[in-house]
Amino acid sequence: MTIGELWPQLRPLCRALALLGWASSAAGMAAGLSIAIAGGTSLSPTVQALQLVSAGSMAVAVISFLAASLLQPQHRGWRSAEQERRDETHEPGSELPPTIRSFLLAAFALLAGAVVFACAGLVLRNGPSAQSVAFCQVFLLGAAASGFTFMLFSKVAPRQRRS
């Protein structure tokens, strides 16, 4: 099952919030990458403003993704309540489609990247540089976008049985 097939199953408000989250994640990543690549050793006022934009974008992305995930109800599908009770006992045998699971894997990988850059910044003699902080923000934004996308689409994705 693809994201295009699951998109119509989301509530319109959740779709709008998810789009806002993805757009602010992209803006924050672009700002963070521009700081990390062209920042230099000292930050000019323009670059400091860009870093503030990146941090603000991260806050907007997390809040919008969290709101979208909380507002989207769990998909019940066409099955009866009795059949769902029977399925609850077999829940460990069901799994999400690979497309949805890949978002969770990406979130963990990007979170690991953020930890690596944070540790690298802490090891530096003068403390974390603007570049290590910017790369941390980029990886954290990617992890948040992937993780919250997983949370949102896992609510509407049908479960598959393992064979």
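**Entry 1: the fold.** I noted that this is a predicted model. I looked up the secondary structure and found 6 helices and 2 strands. Reading from the N terminus, I wrote the order down as α-α-α-α-β-α-α-β. I then checked the contacts between residues at least 6 apart in sequence, and 86% of them join residues at least 24 apart.

**Entry 2: the interior.** How many of the residues are buried? I got 36% of the 163 residues in the protein. Next I looked for nonpolar cores, and the largest has 13 residues. Leu-6, Ile-100, Leu-152 and Phe-153 have the most contacts inside this core. Helix 2 (12-38) and helix 6 (130-154) are the elements that give it two or more residues. Apart from that core I found another, of 7 residues, including Met-58, Ala-61, Leu-141 and Ala-144.

**Entry 3: the surface.** The accessible surface comes to about 9,400 Å², and carbon and sulfur atoms account for 68% of it. Which residues form a nonpolar patch there? I listed Leu-104, Phe-108, Leu-111 and Leu-140, with about 340 Å² of accessible area together. Helix 5 (residues 98-123) supplies the largest share of the patch, 3 residues.

**Entry 4: a closer look at Leu-140.** Is Leu-140 buried, partly exposed or exposed? Leu-140 counts as partly exposed because its relative accessible area is 34%, which lies between the 20% and 50% cut-offs.

How values were computed: Residues numbered from 1 in each chain as written. Predicted model: local features only at pLDDT ≥ 70, side-chain atom pairs only at ≥ 80, totals over all residues. Heavy atoms only, no water. Core = buried A, V, L, I, M, F, W, Y, C linked by side-chain atoms within 4.5 Å. Buried < 20%, exposed > 50% of the residue type's maximum accessible area, 1.4 Å probe, protein only. Helix = DSSP H or I, 4+ residues; strand = E, 2+ residues; numbered from the N terminus. Patch = residues over 30% accessible without salt bridge, like charges linked within 9 Å, V, L, I, M, F, W, Y side chains within 5 Å. Areas by Shrake-Rupley, 256 points an atom, 1.4 Å probe, with all protein chains shown as cover. Salt bridge = Lys/Arg side-chain N within 4 Å of Asp/Glu carboxyl O. Contact = heavy atoms within 4.5 Å.
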